[in-house]
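Colleague: I am new to reading pockets. Could you walk me through some?
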Amino acid sequence: MTGQAHTGRPSKLLRNLSSKIASIPMMLTAVVIFLGGTIWTVVYSFTNSRLLPRAKFVGLDQYERLWDAPRWIVSIQNLAIYGFFTLVFSLVVGFLLAALMDQKIRFENTFRTIFLYPFALSFIVTGLVWQWILNPEFGVQSVVRALGWTSFTFDPLYNADIVIYGVLIAGLWQGTGLVMCLLLAGLRGIDEDIWKAARVDGIPMWKTYLFIVIPMMRPVFITTLVIIASGIVKVYDLVVAQTSGGPGIASEVPAKYVYDYMFQAQNLGQGFAASTMMLVTVAIIIIPWAYLEFGGRKRG
């Protein structure tokens, strides 16, 4: 009987066969398009490809030119500033808004819609709106001066030293609402008994959030961080809509550098090298996190 039952049981390869067949197109897409395209980009970053790809290898020449280019250095610095402040402010402000929403306030749905609405707009629209708001001729500076403060100055998009912060304002305005909604969903998943137990024990609300609720929301925070980080690395639309990389090259970002060299300067090799450096940067961040998150857990 045992032998018959054993022979009647499908092998591991044939289990959930329909699901495996259905996943084949996605697997092929990931392997052929994503992995294949990535390998192709890395390989051709070592060539002197110009308008069209050509397999004439020049070693690390493209990378040497890349790191000698002031425009690339500025773009990396801008991405670091934009990324750091986006991560900090979007998480802090998003969590505070989520915590307020979690208090079952009146008109919660209305406020949630208002905060989330900017995310429904394209980055181009957001960039153009904030370009108008930050314009010194008829934006915030003009309004404040009309109220009597004639010496007030606020023109971040026209000041090379702080232009990236003008881009940051628009990015936070658009993305913080989504962070709020993600964290609010995590807060709503916390068992009500935990809140009751904290109140019974006399634990202040801020300590409940800091030492109990936030650690329990770790998976939600990780998901939110991944979403924020993906938006940071590929930031392009906001910069193009607000400043086009100016004044001068003061608001350049890596994605714009890649696009300009690949499609405008007709220098595919340089664009491929910049793309590869962006990939390496992401890998340096993701691989250690993935090892600690999944590899360490297996050992435990």
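Colleague: How much space lies in the second largest pocket?

Modeller: Start with the general idea. Rolling a probe the size of a water molecule over the atoms shows where empty space is left. Here, in this predicted model, the second largest pocket holds about 310 Å³ of space.

Colleague: Which residues are the closest to its centre?

Modeller: Phe-123, Gly-175, Ile-227, Ile-228 and Gly-231. They belong to a lining of 18 residues.

Colleague: Which elements give two or more residues to that lining?

Modeller: H4, helix H8 (163–188) and H11 do. H8 gives the most, with seven residues.

Colleague: How does the lining of the second largest pocket divide into nonpolar, polar and charged residues?

Modeller: Nine are nonpolar, eight are polar and one is charged.

Colleague: Now the largest pocket. How much space lies there?

Modeller: About 610 Å³. The largest pocket is lined by 23 residues. Closest to its centre are Leu-87, Ala-229, Val-233, Val-282 and Ile-285. Helix H4 (70–101), helix H11 (218–233) and helix H14 (268–299) each give two or more residues to this lining.

Colleague: How many residues of the lining of the largest pocket are nonpolar, polar or charged?

Modeller: There are 20 nonpolar residues and three polar ones.

Colleague: Where is the place of Leu-28?

Modeller: Look in helix H2, residues 17–44.

Notes: Residues numbered from 1 in each chain as written. Predicted model: local features only at pLDDT ≥ 70, side-chain atom pairs only at ≥ 80, totals over all residues. Heavy atoms only, no water. Helix = DSSP H or I, 4+ residues; strand = E, 2+ residues; numbered from the N terminus. 1 Å grid on protein atoms, 1.4 Å probe; cavity = no way out; pocket = protein on both sides within 12 Å on 5 of 7 lines; lining within 4 Å. Points joined across faces, edges and corners; volume = space filled by probe spheres on them. Nonpolar A, V, L, I, M, F, W, Y, C, P; charged D, E, K, R; others polar.
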